[in-house]
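Reader: I've got a protein model open and I'd like to learn how to read it. Can we go through it together?

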Amino acid sequence: MKRILLIDDDMVTLQLTSKFLRNFGFEVEDVSDSKLAMDKLMTPHYDLIISETEMNGLSGFDLCRMLQKYRIELPIVFLTAHDDQTTRDEASNIGVTRLISKRHDYVNLPHIVDAILCADYRLAG
């Protein structure tokens, strides 16, 4: 079973998204901020990270920079309401695998995640 670390400081979104992904067979561990996420990521047992871009404390972009600093290499998906072109460009430049709009693509999240994990498996295998 593929393990996902889900990060969002909005508890309603965190709980709904976690349950939504679990209903599609993913194992999800959710945390409410990037600092807690970094603690979890020091033990490498996740296949994918899903993070909001804008959070209190460390943003999703800050999280990406920390992952690079510690050489933690995982596919990263931003699930955000901030889906303007500037945010998309910044996400692409920092190495985010995919930016998913909460407003437009949320319903497709499990399928997008599955496609990313399958592609990552094919590349690694």
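This is a predicted model: local features need pLDDT of at least 70, side-chain atom pairs count only at pLDDT 80 or more; totals for chains, interfaces and linings use all residues.

Reader: How many cavities of 30 Å³ or more does the structure hold?

Author: Rolling a probe the size of a water molecule over the atoms shows where empty space is left. The largest cavity has about 30 Å³ of space. Counting cavities of 30 Å³ or more, the structure holds one.

Reader: Which helices or strands each supply at least two residues of the lining of the largest cavity?

Author: The residues lining the largest cavity include Leu6, Ile7, Thr13, Thr17, Ile50 and Ser51. By class, the lining has four nonpolar, three polar and three charged residues. The elements that each give at least two residues are strand 1 (3–7), helix 1 (11–22) and strand 3 (48–51).

Reader: Is serine 51 buried or exposed?

Author: This serine lies in strand 3, and Ser51 is also among the residues lining the largest cavity. Leaving out residues up to four places away in sequence, serine 51 touches Ile7, Gly60, Leu63, Val77, Phe78 and Leu79. Buried means under 20% relative accessible area. Serine 51 has 1% relative accessibility, so the word for it is buried.

Reader: How are helix 3 and helix 4 oriented to each other?

Author: Two packed helices are described by the angle between their axes and the distance between the axes. Helix 3 (residues 60–69) and helix 4 (residues 85–94) pack at an angle of about 10°, with axes 10 Å apart. Angles under 35 degrees count as roughly parallel. Helix 3 and helix 4 are therefore roughly parallel.

Reader: And which residues in helix 4 do the ones in helix 3 meet?

Author: On the helix 3 side, the residues are Phe61, Cys64, Arg65 and Gln68. By class, the contact of the two helices has four nonpolar, two polar and two charged residues. The partners in helix 4 are Thr87, Glu90, Ala91 and Ile94.

Reader: Which helix gives the most to the lining of the largest pocket?

Author: The largest pocket has about 170 Å³ of space. Its lining has six nonpolar, two polar and two charged residues. Among the lining residues are Cys64, Leu67, Gln68 and Ile94. With three residues, the one that gives the most is helix 3.

Conventions. Residues are numbered from 1 along each chain as its sequence is written. Side-chain values use heavy atoms; hydrogens and water are left out. On a 1 Å grid over the protein atoms alone, a cavity is a set of points where a 1.4 Å probe fits but cannot get out, and a pocket is an open set with protein on both sides within 12 Å along at least five of seven lines; lining residues have an atom within 4 Å of a point. Grid points are joined across faces, edges and corners, and a volume is the space filled by probe spheres set on the points. Helices (H or I, at least four residues) and strands (E, at least two) are DSSP runs, numbered from the N terminus. Ala, Val, Leu, Ile, Met, Phe, Trp, Tyr, Cys and Pro count as nonpolar, Asp, Glu, Lys and Arg as charged, and the others, Gly among them, as polar. Axes are lines fitted to C-alpha atoms, for helices over the stretch in contact, and angles run from 0 to 180 degrees between N-to-C directions. Angles under 35 degrees count as roughly parallel, over 145 as roughly antiparallel, 65 to 115 as roughly perpendicular and the rest as oblique. Contact means heavy atoms within 4.5 Å. Buried means under 20% relative accessible area, exposed over 50%, partly exposed in between (1.4 Å probe, protein chains only).
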